[in-house]
Amino acid sequence: LAQGIWALGNSNKQTEAHLQGRGVIMGKFIKAGRVVVMLQGRYAGKKAIVVKTFDDGSKARPFGHALVAGVDRAPLKVTRRMSKKKLSKRTKVKPFVKYANYNHIMPTRYQVPSEIAPASMCTDQQMDSADGRVEARKFVKS
């Protein structure tokens, strides 16, 4: 009904295409290498890089999602007066690797250069086991 009312006010080819279901199809802009901001959960507000996308979902996750790797805790500012122990604690980076629903990530306009190769950061096989995830986090950290 709403489509019919919309069509009454507009009589052009765009109206016909709209009614026949041939609207504009959006391009896929969440691709490997895209910088995203996590919106939900433990890592809300943290930046991450898309490693791999699953637009049609998978058997375990039947919704569009992406494998992302990001920074949970960034290094803090250091000064000359700080001890070596404090300096080493403040310069550590804590990474995270996880699957995220497309609804829970916000893409930014930034993309990682292709030389970094985000696809090589972590794989699906690593994400299957706890040891693999630890290994993937270590690789992302380096």
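1. Strand E1 is covered on both of its faces: Arg34, Val36 and Met38 on one side, and Val35 and Val37 on the other, are all buried. Five of the five residues of E1 are buried, so the strand is largely enclosed by the rest of the structure. This is a predicted model, and the points below should be read with that in mind.

2. E1 has strand partners to look at next. Four bridges join E1 to strand E5, residues 105-111, and the two run antiparallel. Within that pairing, Val36 has Pro107 in E5 as its bridge partner. E1 also pairs with E2 in the antiparallel sense, over three bridges.

3. For the overall layout, the chain has five helices and five strands. Read along the sequence, they follow the pattern α-α-β-β-β-α-β-β-α-α. Buried residues make up 30% of the 142 residues in the chain. Among contacts with a separation of 6 or more, 57% are between residues 24 or more positions apart. The chain exposes about 10500 Å², and carbon and sulfur atoms supply 55% of that area.

4. The largest nonpolar core has 14 residues, of which Val51, Leu67, Ala69, Val97, Met121 and Cys122 touch the most other members. Strand E2 (47-54), strand E3 (65-73), strand E4 (94-101) and helix H5 (130-141) each supply at least two residues of this core. E2 gives the most, with three residues. A second, separate core of twelve residues includes Tyr43, Ala66, Phe96 and Ala100.

5. Leaving aside residues up to four places away in sequence, Leu67 touches Ile49, Val50, Val51, Lys52, Phe54, Val97, Lys98, Tyr99, Cys122, Thr123, Asp124 and Met127.

6. A search of the whole structure finds two aromatic pairs. In the pair Tyr43 and Phe96, the ring centres are 4.1 Å apart and the ring planes are at 10°, so the pair is stacked; planes under 30 degrees apart count as stacked. This pair links distant parts of the chain: Tyr43 is in the loop between strand E1 (34-38) and E2, while Phe96 is in strand E4, 53 residues apart. Both Tyr43 and Phe96 are buried.

7. Side chains of opposite charge can pair when their charged atoms come close. How many salt bridges does the count come to? The count comes to one salt bridge. Asp72 forms a salt bridge with Lys94, and the closest N and O atoms are 3.6 Å apart. This pair links distant parts of the chain, with Asp72 in strand E3 and Lys94 in strand E4, 22 residues apart.

8. Are Asp72 and Lys94 buried or partly exposed? Asp72 has 16% relative accessibility and so counts as buried, the limit for buried being under 20%. Lys94 has a relative accessible area of 33%, so this residue is partly exposed.

9. Val134 is in helix H5. Val134 has a relative accessible area of 37%, so this residue is partly exposed. The C-alpha atoms of Val134 and Val97 are separated by 9.0 Å, and the two residues are 37 residues apart along the chain.

Conventions: Residues are numbered from 1 along each chain as its sequence is written. This is a predicted model: local features need pLDDT of at least 70, side-chain atom pairs count only at pLDDT 80 or more; totals for chains, interfaces and linings use all residues. Side-chain values use heavy atoms; hydrogens and water are left out. A nonpolar core is a set of buried Ala, Val, Leu, Ile, Met, Phe, Trp, Tyr and Cys residues joined through side-chain atoms within 4.5 Å. Buried means under 20% relative accessible area, exposed over 50%, partly exposed in between (1.4 Å probe, protein chains only). Contact means heavy atoms within 4.5 Å. Rings of Phe, Tyr and Trp (its six-membered ring) pair if their centres lie within 6.5 Å; planes under 30 degrees apart count as stacked, over 60 as edge-to-face and the rest as tilted. A salt bridge is a side-chain nitrogen of Lys or Arg within 4 Å of a carboxyl oxygen of Asp or Glu. Two strands pair if DSSP finds at least two bridges between them. Accessible areas come from the Shrake-Rupley method with a 1.4 Å probe; for residues, only the protein chains shown count as cover.
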